[in-house]
Amino acid sequence: MFYSTGNNFGAGAIKFKEARESNYIVLNATVTCDSGCAAFLGAEVLEIYVPELNISRSTETGVVMFFEDSIDSYGTHYNLNKGVFVKSWIKDAHTICIEKLPFFENKGELTIFIQSLYPQLGQGSNTFKVTKQPLVDSSPDSYLRFNDSDSIIVVRENWVFIHLLLERCDYSHIDDDWEAVFENMPADIDAVLPLLHTASWSGSWFTGCARPEVRNQHWTLPRTERSNALQNNTGAPFSFAFIVRGDDEE
Amino acid sequence: MIVIPSIAFGGFSGSAKDVTARHVNGRSILSVRSWPTGPKTNAQVVRRSSMSKITKSYKTLTAEQMQAWENLAKYTSGRSVLGQRAELSGINLFVRLNANRVMAGEAIIADAPETLVNVPNAAYNKVFVTPELVIFLGIEHQPAPNKLVVKMSGSQSPGISNGWSKTVIISPDVEDDWGEADVTQLYLKTIGVEPTPGQKIFIETYWLDTATGFTGQVYKSSTIAITQEQAIAEGYAPRKRVNMDNIDLERSQVESFDLDFSTAAPVVNHSGVLTSKPAEGYSYIYAEAPLERELLGISFCIGRGVTEDGKLMSQSVYCHLSNINGEAHLSYSHRGGTWSRPSEVFGPGIIF
């Protein structure tokens with residue numbers, strides 16, 4: 001774990017969890033910033049300055065840029081939270097870069113979820129394959145259906161990879177807070193796991209995004225966190241994340 | 001060029017036949033006019049022409065600009081001559097830096113750089129020279145505006161110990177691709193003949209800061225050309241990737257594509273823009289050669305698609321790597337998020 005030493009877009013100190021491997025690094029951080037501040041508006045690329053990393057550059061990977069949005073219509077409050085993958089890369093051993101899309105300017109508080117593996121190329125040997133396990137809800141009264149073949153977890157010693165694809169919720173639980181239990185998920189995983197999905201409302205320029213939490217194998221997504229698009233079992237909701245295990249000590 | 005003590009020829013200057021005497025910073029220098037030897041190459045003709053153009057352009061500078069070059073030159077030492085440190089004049093520095101810039105395809109700069117630039121030294125792990133391949137590996141990457149200048153000789157007798165005077169510029173602006181620089185075609189184009197196994201190749205490399213024209217120290221090395229089989233036996237392994245150079249462009253549904261396996265990690269690196277027919281939820285890519293068995297499998301990656309009305313939508317993408325009828329088939333299928341084409345896929349994808 002380490003803290004950033006600065007940035008060029010007006011965010012405060014950023015806490016990173018890390019899993020350093022011989023030729024790549026997995027980083028997790030949740031970054032908040034004001035998308036209307038002068039520093040953010042003036043930055044062409046968002047840069048986070050950090051103590052020396054184990055690699056001096058990486059290929060492009062993806063992070064989720066999120067902001068809250070809503071609309072009140074005829075007495076009903078609609079959650080229109082949005083998110084999209086933006087590119088991120090390690091420019092040098094002290095600088096993590098994040099792509100800035102002009103659309104995000106003046107959208108209030110932004111949250112950037114960094115849950116990414118930063119690899120390098122030309123490392124002298126090829127990739128190697130790993131073993132995956134299914135991610136299915138193992139609670140006895142399961143009412144959420146996750147795709148059997150595409151919801152997977154790859155467990156490594158210091159990090160996990162998660163691809164979660166939610167298919168549907170039984171109609172009887174459509175207005176409940178949602179909860180699932182993943183037995184194959186290590187108990188030391190503690191993270192917000194952005195759930196991106198098709199936005200059915202008009203005028204949206206990005207995918208919808210909800211923020212379920214996973215802690216001690218329990219995945220929870222409150223009703224208030226979900227948009228109508230997600231509520232109606234549409235939009236192929238999914239999570240794609242590399243999550244660091246442990247590394248909580250200050 | 002002859003450098004002699006100033007006592008003997010102090011104050012003497014001028015030319016007589018092929019001998020020129022001049023007095024520079026307290027030293028008298030006698031030089032014999034030299035003539036280029038050997039046949040002129042196109043590159044030499046171009047370089048001599050550009051040097052002349054650069055020299056003439058100095059006269060068009062303002063007095064302030066000339067003074068700035070003079071000021072910078074005071075802090076820039078030229079190459080030592082017979083143990084005495086030669087100092088550069090403003091025009092010398094102007095010509096040197098601009099000649100470097102022009103060589104790298106940049107325009108002549110009129111304003112002197114504000115400060116001296118400390119250009120890093122070139123370093124790499126290995127160079128393989130075979131009749132089919134000239135490649136540098138493990139280059140210590142330097143970011144732009146640095147570019148690597150590579151000078152190499154043709155095949156020389158292995159008994160020659162000092163043959164760097166025979167090197168010529170293979171390329172003035174090599175940019176390494178993750179530590180690799182394959183200069184095979186540039187070598188063949190410049191030298192004209194393939195390296196001969198068993199013969200020695202002399203090499204000079206240095207970084208050039210193309211913004212200012214300053215260069216780093218020249219790194220001199222030499223290697224014995226070997227056969228391709230020997231290179232593989234010595235550990236050369238071509239970087240494994242499927243890209244626009246080795247896929248069937250007629251059948252593959254991509255605008256751009258580069259799948260790189262050289263991560264030495266449990267991920268492959270996806271990069272490309274996928275296309276397909278509107279009703280199809282997948283894109284196929286057909287590689288000309290099959291993939292090694294250990295590279296076949298399934299990978300997930302992320303994507304961004306643009307809808308018909310310009311919306312930017314996030315996706316997750318399922319990638320199946322297989323061999324069918326002697327060629328590699330890569331299929332990218334939509335899984336999570338909004339389906340749209342074209343879609344850009346990028347980043348590391350776990351592989352299992």
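Two residues are in contact if their C-beta atoms, placed from the backbone, lie within 7 Å. The model is predicted, so local features need pLDDT of at least 70 and side-chain atom pairs pLDDT 80 or more, while totals for chains, interfaces and linings use all residues. Residues are numbered from 1 along each chain as its sequence is written, with chains lettered from A and ligands numbered from 1 in the order in which they are written.

**View 1. Chain B as a whole.** Among chain B contacts between residues at least 6 apart in sequence, 62% join residues at least 24 apart. Chain B has six helices and 19 strands; these are DSSP runs numbered from the N terminus, helices being H or I of at least four residues and strands E of at least two.

View 2. Let's look at pairing, which needs at least two DSSP bridges between two strands. Strands β12 (residues 241–243) and β13 (residues 254–260) of chain B pair antiparallel over three bridges, and B:Asn243 has B:Asp258 as its bridge partner in β13(B). Antiparallel again, β13(B) is joined by six bridges to strand β14 (residues 267–274) of chain B. Here B:Asp260 stands opposite B:Asn269 of β14(B).

**View 3. The hairpin turn.** Six residues lie between β13(B) and β14(B) in their hairpin, where B:Ala264 takes a positive phi near 50°.

**View 4. Where the chains meet.** Chain A brings 42 residues to the contact and chain B brings 37 residues. On the chain A side, the strands that each supply at least two residues include β6 (61–67), β9 (82–92) and β15 (159–169).
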